[in-house]
Structures are given as C-alpha cells and as structure tokens.
Amino acid sequence: MMADVQKSEEVRRTAAETKEQELRAYSKADSVWAITPYDRDVIHRYLPNVHIDIVPMLHPIPGTISGRKDRMKHKLLFIGGFNHPPNADAVLYFCRDILPLVKKRIPDVKFTIVGDSPPLEVQNLKSNDIEVTGFVPDIKPYLDSSYLSVVPLRFGAGMKGKVGESLAHGLPVVTTSVGAQGMGLMHKTDIWIADTPEEFAAGIEQLFTDNKLYDSLVKHGRQMMSDTFSAERGVQTVLNLLRSATTRYRATAPLPND
C-alpha cells in the first residue's frame, strides 16, 4: 500500500523482500502471534498450516478522563513517532488535503502534532494554527486537553496504538479505514471512519457540533477498549495461549531416546 501511495518501485521491492524474510521466520515457528485477525488471515494465505493466535495491542484504561467541557474546543491532535513512515505521510496529507476543508467550516480550528523526530517537511508545517512539538516526555496532557484525535493514515498494518490510546482516554477519533484496521470498531458507534478528504472534514465538523454523538463515541470507544484491549484482559489471554502452546508442544514433541 505504501508503494502504491508513493508510487515507488524501490519501496515495492523492499516490501517484497521483507515479506519473504518474515514468511520464512513464521514457517519455522511452533506458534505465531498476530496482532489482528486481518494479519492472521493474510499470513494464512501464504502459510495455511502455521498455527496463529491473536494477541492484540493492549492499553491501560484510565479510571478517570477529561469530560467534553474540560477539553479545548476545536483542538485536533495527532500522535505518532516519525521514524515510522506512515505517520509523516498522514500528517502531510491531512494538512494539505483535509485541514483546509476543515478551516472553511471551523476557522478557529487548531492542530497539534506530537511525535519524536519530525522530518523537516513536518517541522515546516508550523504556523499560528499548527503546533509541532517533537518529542514530549508525557502525552497524557495532550490526550486530556484535545477535543478530537485525527488518524489520517493512508497505509500501514496491524492495530494502531494512537487509536487505542485515544479511545482509552475518552478522546473520540476520526480516522481512515487503515487507521481503524483490525480493531472491530464501528463507524459512528465507536469511532468515525472516513476515507476521502471531504468525508474526513465532515466527520470533524459533525463531532465539533453534535454533542450527543460526541458523548456516545466517548462511551462506546472506552467500553470497547475495556472489554477487548485492556491490559487486564490481555494478561489472561497470553496466559491461556502459553498453556495451549505448551500442551500442543508436548503432544507433538518426539519422545526422548531410552
């Protein structure tokens, strides 16, 4: 997907080489853990006989969160380290194609970009309305004060930590289908999903103006995280999988020589 977006044959060749290396490693494993069912299904297309379990990305769920009235109205947040190529592309895409549409609807909107090692093209986005923080020691103040989290990813795989972290902190998310991948999130129930600049901007406007929908996404997003992706639930999942893997190994391991 990254190769398609960037129209790069070099990226395509590198991706193909990485895929072959990963598939070789998976084929030698007794058990593979995938983050999402989608990732599991992709691997199974190439290695149908490999045993794969799902171990999702897990998040602590804060006991208390900032309420809507305690957040800075019209403040958008993006979180992501920029050593990961999809994040720079997402931010540049957002500022080029989506944010101008948002500003036509909401002129006083502000956008904060939080993440380590922003490249020069991201640093150059700084303006009166766009803050680029670089590395911060604690992102909680940004999660607690922002009004919406935006995740305009155009490529990437697996669960997106920025989505889970935002939902866990009661911060509604507007994202692409790529950003929502693998979490079972429902549009307009847990999250707002939009795949064109126009739809993305409309989602932001809707959540800035519809308090009932905003509060509903906060409630359901937090519930989804607690029910499925909390650290407490994850510990039990891992323990169960380790017991299951041990049982399978004992059943298939060759008997020692007498």
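The following legends describe close-up views of a predicted model.

View 1. Six strands form an open sheet in the order 5-4-3-6-7-8, with parallel pairing. Helix 7 (residues 161-168) lies across strand 3, strand 6 and strand 7 (173-175), and runs at about 170° to strand 6.

**View 2. Strand 5 and its pairing with strand 4.** Strand 4 (residues 110-114) and strand 5 run parallel and are joined by four bridges. Within this pairing, Ile113 stands opposite Val132 of strand 5.

**View 3. Helix 4 and its bend.** Helix 4 comprises 21 residues and spans 30 Å from its first C-alpha to its last, close to the 30 Å expected at 1.5 Å a residue. A bend of about 45° occurs at Ile98, and a proline, Pro100, follows within four residues. Ile98 is itself one of the buried residues of helix 4, which also include Pro86, Asn87, Asp89, Tyr93, Cys95 and Val102.

View 4. In soluble globular proteins, nonpolar side chains tend to be buried together. The largest nonpolar core in the model has 49 residues, and Leu76, Phe94, Phe111, Ile113, Leu148 and Ile204 are those with the most contacts inside it. Helix 4 (residues 85-105) contributes the largest share of this core, nine residues. Apart from neighbours within four places in sequence, Phe94 is in contact with Leu76, Leu99, Pro100, Phe111, Val150, Pro152, Phe200 and Ile204. A second, separate core has eight residues, including Ile79, Val136, Leu143 and Leu171.

**View 5. Gln181 in its loop.** Gln181 belongs to the loop between helix 8 (177-180) and strand 8 (192-193). Its relative accessible area is 17%, which is under 20%, and Gln181 is therefore classed as buried. Apart from neighbours within four places in sequence, Gln181 is in contact with Tyr38, Gly156, Ala157, Gly158, Met159 and Lys160.

Notes: Residues numbered from 1 in each chain as written. Predicted model: local features only at pLDDT ≥ 70, side-chain atom pairs only at ≥ 80, totals over all residues. Heavy atoms only, no water. Core = buried A, V, L, I, M, F, W, Y, C linked by side-chain atoms within 4.5 Å. Buried < 20%, exposed > 50% of the residue type's maximum accessible area, 1.4 Å probe, protein only. Helix = DSSP H or I, 4+ residues; strand = E, 2+ residues; numbered from the N terminus. Contact = heavy atoms within 4.5 Å. Expected span 1.5 Å × (residues − 1). Bend = angle between axes of the 7 residues up to and from the residue. Pairing = 2+ DSSP bridges. Axes fitted to C-alpha atoms, helices over the stretch in contact; angles between N-to-C directions.
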